[in-house]
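Have a look at the model first, then go through the points below.

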Amino acid sequence: MKNLIRVHNLTHAYEKSRQPALKEINLLIDQGEYIAIIGPNGCGKTTLIRHFNALLIPTSGEVQVDEFPTNDPKRLLEIRRRVGMAFQNADNQIVGMSVEEDVAFGPGNLGLPTQEVRRRVDQALAIVGLTAMRSHSPHSLSGGQKHLLALAGLLAMEPKVIVLDEPTASLDPEARTMVLKLLRELNSRGICIVHVTHSMEEAALAERVLVMDKGELVADGSPDQILNRVSWLKSLGLAPPIITELMWRLQENGLNVSSSVFTIDAAIEEITSLLEQLRGSSQASLTREGDENA
Amino acid sequence: MLRPGYAYRESPVHDRDPRVKLIAVIALSIIIFKVNFFGLLVVSMITLVISLLGRLSLRSVLKTVYPVLPFFILLFLMYIFFTPGRPIPPFPIGLLQISYEGLNLGILQIWKFLLLVVAAAILTMTTSQSGITMGLERLLRPVRIVGISSHDIAMLISLALRFMPTLLDEMNSISQAQLSRGANFNPRRLSGKIRAIGYLAIPLAVNVFRRCDELVDAMEARGYQPGHRTYLHELALSLLDYWLIVGIIAALVLVVIV
């Protein structure tokens, strides 16, 4: 498969005299992946993703998007139409006077003809479900709707990858579910998702988890391989999903359960099968006792 | 106040290209300072007809005049008291006098100013903000000769309009935060008033800069580059629009030259 983003020996220092924020990062991202990036505050997550669409240029090393190196200013528009980026505060990403004009901002920057702009705006609004609010002022939207609008603005660019920096940090649970559901749907349409998050529950939704610490990539694997390393995650200052920690504690106490459990449903299944095992064995021991008595 | 009552209605005035309306308001502002009493009457009648065609209620149009009314009354008093000429009978009372010339001039000038305000109100009530911005962008295209891009000007205007309500919200929350910490916004002394502005303006300005940083990143990430771009709504002049522009400019030339 062709690599969408190649990161080769990337080092980035904001100031020459200070410790670099990123040290020798190597990373390949393929089309259609769903990646979560986790790590404690100040570990360089934001610095890393800002290299993906040339908002930051490597101090040394190289970042390529679809074979275009990000340090070539002539390719900037090519890179940015492929890599959409959503920031934490949706309010500061909305530039249009109405919902649909905001979505039209990106395609307008690409210089597309009006008909094509219209088609993309209608399509993007339909995907995020804001068609009914098309002529509203962005100011009248709720926090969750503003995030959906920000995503629609990216979708209208028809990107290959969408990078999100803690998109759910300030949202209520309902809006959070809405945004996460949309991310999964976009991924199923073949768009690669790179999701920076503090929530391990959200990281568990990804296919691949990257863990960063002190400017380095310290782990890269599936949620199964990473999120159940409870004591290691805690030593990094990260909290594993609560349900995983519960299963891990049960396991530590000698119970026969798996700790690769990230959702309540999976936990229920695991616990029920454990109970059934116990009931089976206690019944077996009861019958044995009865036999001995006889 | 921020959105002076624009609401779309199906009317020949709403459906005109914003450029026609912008040119009309500019032309009107020149014409009314060149015409006499009779000409002013004609322009007023035309304005009235346009607002009726636009299905605007006269009350809502006149409402837009209220905020400027105190200023106009002051201006009117200055005209009637300070214009020299033949005094009207009960005057002069002491040093105070009202002249025929002053009364005449006062009424005419205030009438002109009011007409200007009403014309601007009709423009904003029948044209969306983005319509006005787009219209300005197209009208200003020739300034690229001196190296200014009209696209950038339109971007500036639309960003200002977009963030106006956001900043207003933010100002309210800052003022509440300051009040809850014991800041006093209604002091009697001037020095206190100046300090109160600082309590609001400094945090607001800091926040605006922080917002700007994020906005710049977001705009760049969405491929913004100064200069040429395209829009969701491209303006297109109809035949009627062309004829109206020709008519307006002909009237302007006629009034200014004759």
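1. A quick word on terms before the helices: axes here are lines fitted to C-alpha atoms, and angles run from 0 to 180 degrees between N-to-C directions. Keep in mind that this is a predicted model.

2. How do H1 and H5 of chain B cross? The axes of H1(B), residues 18–31, and H5(B), residues 100–126, come within 10 Å and cross at roughly 175°. With over 145 counting as roughly antiparallel, H1(B) is therefore roughly antiparallel to H5(B).

3. As for what touches what, H1(B) brings B:Lys21, B:Val25, B:Leu28 and B:Ser29 to the contact. On the H5(B) side they meet B:Leu116, B:Ala119, B:Ala120, B:Leu123 and B:Thr126. That contact splits into 6 nonpolar, 2 polar and 1 charged residues.

4. Over in chain A, there's an open sheet of 4 strands, ordered E2-E1-E4-E5 with antiparallel pairing. E2 (22–30) and E5 (68–69) are its edge strands, each pairing on one side only. E1(A), residues 3–12, is joined to E2(A) by 6 bridges, and A:Val7 stands opposite A:Leu27 there. Helix H1(A), residues 45–52, lies across E1, E2 and E4, running at about 130° to E1(A).

5. Then look at E9(A), residues 208–213. E9(A) pairs with E3(A), residues 34–38, in the parallel sense over 4 bridges, with A:Arg208 as the bridge partner of A:Ile35. With E10(A), residues 216–221, the pairing is antiparallel over 5 bridges, and A:Val211 partners A:Ala219.

6. One for the turn: E9(A) and E10(A) form a hairpin with 2 residues between them, and A:Lys214 in that turn has a positive phi of about 50°.

Definitions and conventions:
Residues numbered from 1 in each chain as written. Chains lettered and ligands numbered in written order. Predicted model: local features only at pLDDT ≥ 70, side-chain atom pairs only at ≥ 80, totals over all residues. Parallel < 35°, antiparallel > 145°, perpendicular 65-115°, else oblique. Contact = placed C-beta atoms within 7 Å. Nonpolar A, V, L, I, M, F, W, Y, C, P; charged D, E, K, R; others polar. Pairing = 2+ DSSP bridges.
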